[in-house]
Amino acid sequence: METGGLHPSVLAFALAAAALALAAALAARLRFPALPFYLLAGLLASPWLDPGALEPLPTLGLMLLLFSVGLEFGPDRLSELSKKAIRAGAVDALALFLGAALGLLFGLDLKSAVLFGGVVYISSSAVIAKLIAELHRAAAPESEVVLGVLVFEDLLIALVLALFGGHGGAFGVAASALLVLGFLLAARFLAPRLAALLERVGDEPMLLFGTAFTVGTAVLFHLLGSSEGVGAFLAGVVAAGLGLRDRIERLFFPVRDLAAALFFLAVGAGAVRLLGANAGLALGLALLAVGLKLPLDYLAGRAAGLSHRRGLLAAFYLVPRGEFNLVLGALALAEGQALVAQVAVLLVLFSVPLGALLFRYGPEWTRRR
Amino acid sequence: MRVEEAVLPGVGHKFTVYTARGDRVVIVIHQTGPREVYFYRDDEDEPAAELELTDEEAREIGAILAGVIYHPEVVGDARTRVKELVLEWVKVEPGHPCARRRLEDWLAQAPGVHVLGVLREDQALYPNPPADLVLEVGDVLIVAGSRTAVDRFKEAGC
């Protein structure tokens, strides 16, 4: 297409924004969460939409999602984790080991098998927190357990990524471990002085500093052979440690929501080319992953003291996969394990709509029985 | 009365209040601002009533419940005077020109305003704060005065 002086990415952005706006309007009309519609809009628009032309916005969306997941950690949050949540999280963590064992059984090497285990294990705290807020489930007892389990999952998967996510071999692992330690120590000892300094900074410089810090940390981690996802996540942890959580939530979330919507659209648009070879096997493995986790999460809910019905709902709520799945998938692809990447993307593609359905109608279905 | 607080990571905070009558009120404060209030009769699993409030509505209702606007002890013409006056909580936001300045510098910009107290995080309330109190970011000032005076105070720099 002749675009004159206009950069092609502007056209792609206009198309993407229009598709997202329609998807969001349709979702609101149907009283349904918007995220699955973003994925579907991406699928439908894929013949006309090149996700690469939208860069770096989708990548920024993913980084800000991981950043906001990290923001929920801080020393305060970890100490607030109840015993109930820890018990449930421990049962739920079996999925990671079962998934990795399954990967080894399929003949994957150790690193790829662990990445596959992560794909099976990790639910999306970003998607689930959004669904809980949108569908007014925050007051329910199962939501407290589910959100506690998610904190546990995110922490465990961050560890997996730090240990197995590097692309620089042993050097990458050592470098990322040192970096993580350095960041946490710096945050620990500079926090009082930095926090006092940042209090004098107005909102706009704060937003820009925060963005530069998040993306810069991610790039630094990548350059040193570690996972950029861990970098973005850690930036969130450091920001939470500086006592900036409330301010950053207010400042960053509108930006994050726009970029993250583009990210999910790009995932949908990019998924078409993964539907080719081995699609049947990948779909089977994705279904297996959901099938493995549902009963485990029901048991996790019961371990946290939920009733039969609330336990079922907790298992339903934990279905959606998202940001970390795609990070793991991208890493597996870099390892040459296209199948693991396919499973990761397919899992996001159908678990978000499925999870949204279970979220929406689960309470009615379980009540009749 | 018993109040339980729980953090909902990524969503907000949840407060469960058990009233003397044996009912349960669950209040969710979303990190984006809105509130949800659920009323559970006795020990029931499903709420008997629910309420969604914006941040502004929740503050107004909270002030009414707390007796700020009408307190049962206030009688006679004192009540009408209370109506003409407004009471507001003004927070010293990061980057505010009056942060790290003395209270009197701010008050000089808006005559007719009284600062009844200063709430400082992790510290007891400063009732009737001295004019040379140095304000910090995060302080919340309890301000009383006529509507116009309080508005002028909120917009004033130092």
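Axes are lines fitted to C-alpha atoms, for helices over the stretch in contact, with angles running from 0 to 180 degrees between N-to-C directions. Helices (H or I, at least four residues) and strands (E, at least two) are DSSP runs numbered from the N terminus. The model is predicted, so that local features need pLDDT of at least 70 and side-chain atom pairs count only at pLDDT 80 or more, while totals for chains, interfaces and linings use all residues. Residues are numbered from 1 along each chain as its sequence is written, and chains are lettered from A and ligands numbered from 1 in the order in which they are written.

**View 1. Crossing of helices H6 and H14 in chain A.** The axes of H6(A) (residues 94–105) and H14(A) (residues 279–303) come within 10 Å and cross at roughly 150 degrees, which makes the two helices roughly antiparallel (over 145 degrees).

**View 2. Residues at the contact of H6(A) with H14(A).** Leu94(A), Ala95(A), Leu98(A) and Gly99(A) of H6(A) meet Ala289(A), Leu292(A), Lys293(A) and Leu296(A) of H14(A), contact being counted where C-beta atoms, placed from the backbone, lie within 7 Å.

**View 3. The open sheet of chain B.** Five strands follow the order E1-E2-E3-E4-E5 with antiparallel pairing, where pairing requires at least two DSSP bridges between two strands. Strand E1 (2–8) and strand E5 (49–53) of chain B are the edge strands, each pairing on one side only, and neighbouring strands are turned by 15 degrees against each other on average, direction ignored.

**View 4. Pairing of strands E3 and E4 in chain B.** E3(B) (residues 24–30) and E4(B) (residues 35–40) pair in the antiparallel sense over 6 bridges, and Ile27(B) has Val37(B) of E4(B) as its bridge partner.

Notes: Angles under 35 degrees count as roughly parallel, over 145 as roughly antiparallel, 65 to 115 as roughly perpendicular and the rest as oblique. Two residues are in contact if their C-beta atoms, placed from the backbone, lie within 7 Å.
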